[in-house]
Structure formats: C-alpha cells, structure tokens
Amino acid sequence: KTQVKLSYDCNFIYGIFRVEDKYVRAVAQNNQEQVCNDSCVEFFLTPGPDTAAGFFNLEINCGGTMMCKYQPAPLTNMTPITDSECGMIKIYHSLPKIIELEMQKPVTWFIEFSFAFELMERYCPVVRPKKGVVWRANFYKCGNNLSRPHYLSWAKITNPTPGSGFHTPSSFGGLEFVD
C-alpha cells in the first residue's frame, strides 16, 4: 500500500510517500544510479498542463538515494540534473541508506522531498502552482530487482511494459492545485 500527499509554497513542491512494504532493499548509493531496481517511489511531472513541454522523473529509493532527469519526450534525450542541482531537491528517508540484505518482513517507510521550482525552470517552462493551475503527473512504487518485482501507478498506464510504461506522459493524471 502506497500513499502520497503534495503541498506547495512559492519556491517548492513538497511530497511525502508512506509505503507499507515487504521485500525491501536499497543498494544504490549515489544519486543518478538506477534506484528503480531498489524499493523505490517515483514522481513524474510536467510542471504545467502541456505534456509536450517535457517532464521530470524524480525517483527515490527507500534509503533516500535519488535519480532525477528531465525528458523533452519519453525516453528521449534524458538529461540528468547535475550533482550541484541534486542539492536543490531535499530528501528525508526513514530507513537506512543501504539495505544490502532484502528485508522480508512487513515494514512501513517514508520518503519526503522538496523540489525547487527554480531547478525545474532551468529545463523547461513552469506554471507555478496556485488555485486552479493544473499539472500532469503520475506516482509510482516499484522494485525491479527484488525477490518480488512489482510496479504500481496512481494513474492508469496504457503501455503494457512495466517500468518503461512509467515514461508515458499521455498516461499522466491531472493535478489541480488548490489554496
């Protein structure tokens, strides 16, 4: 079971994931590694209503290691944010950074993040959140290289291939901001 909540202010979008999980592992140690192979949550977003403007994929494993890229089109010219830009995304995690041996008992873990609009604006136009603004997005929970691989999404994905279907902006749902 995975839950997510978002909020915003004039500088950041904030998120918190709460995950009730089993078969948990985190071996990616450095930002921009393939964290999707670990127990991972993901926030893919187009910071506005137009998916043709490109999108970000922010992926964070249960140990707080992230991968973040900007994609002008699905799986095309994927541009990782720089090491210094990674500092513009703050992350809190409730589990240890590295979990080498897979935890096979039920555990609840949390990931919190703040993603700076200033960072997003370096890559694409951003429609800053306010009442009535709509972004396109999807939320995911995955674990590609676990003893029980799994793929979960908030908005329905039409691509039949797990994982790669996450990179399908046409399947993103609408996020309407309120006060």
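This is a predicted model: local features need pLDDT of at least 70, side-chain atom pairs count only at pLDDT 80 or more; totals for chains, interfaces and linings use all residues.
A polar contact is taken here as a pair of N or O atoms within 3.5 Å, of which one must be able to donate a hydrogen and the other to accept it. Glu102 belongs to strand S9, which spans residues 99-103, and, when residues up to four places away in sequence are not counted, Glu102 touches Tyr23, Val24, Arg25, Leu146 and Ser147. Although Glu102 is buried, the residue has no salt bridge, and the nearest side chain of opposite charge, that of Arg148, is 5.8 Å away.

Asp38, located in the loop between strand S3 (24-26) and strand S4 (40-46), is likewise buried without a salt bridge, the nearest oppositely charged side chain being that of Arg25 at 5.7 Å. A polar atom of the Asp38 side chain lies 3.0 Å from the backbone nitrogen of Val27. Beyond the neighbours within four places in sequence, the residues in contact with Asp38 include Arg25, Ala26, Val27, Asn61, Cys142 and Leu146.

Leu6, in strand S1 (residues 2-8), has a relative accessible area of 31% and is therefore classed as partly exposed, since this class lies between the buried limit of under 20% and the exposed limit of over 50%. With neighbours within four places in sequence left aside, Leu6 is in contact with Ile13, Tyr14, Gly15, Phe43, Phe113, Phe139 and Leu175. Leu6 and Ser114, separated by 108 residues in sequence, have a C-alpha to C-alpha distance of 9.7 Å.

How values were computed. Residues are numbered from 1 along each chain as its sequence is written. Side-chain values use heavy atoms; hydrogens and water are left out. Helices (H or I, at least four residues) and strands (E, at least two) are DSSP runs, numbered from the N terminus. Buried means under 20% relative accessible area, exposed over 50%, partly exposed in between (1.4 Å probe, protein chains only). Lys and Arg count as positive and Asp and Glu as negative; His and the chain ends are not counted. A salt bridge is a side-chain nitrogen of Lys or Arg within 4 Å of a carboxyl oxygen of Asp or Glu. Contact means heavy atoms within 4.5 Å.
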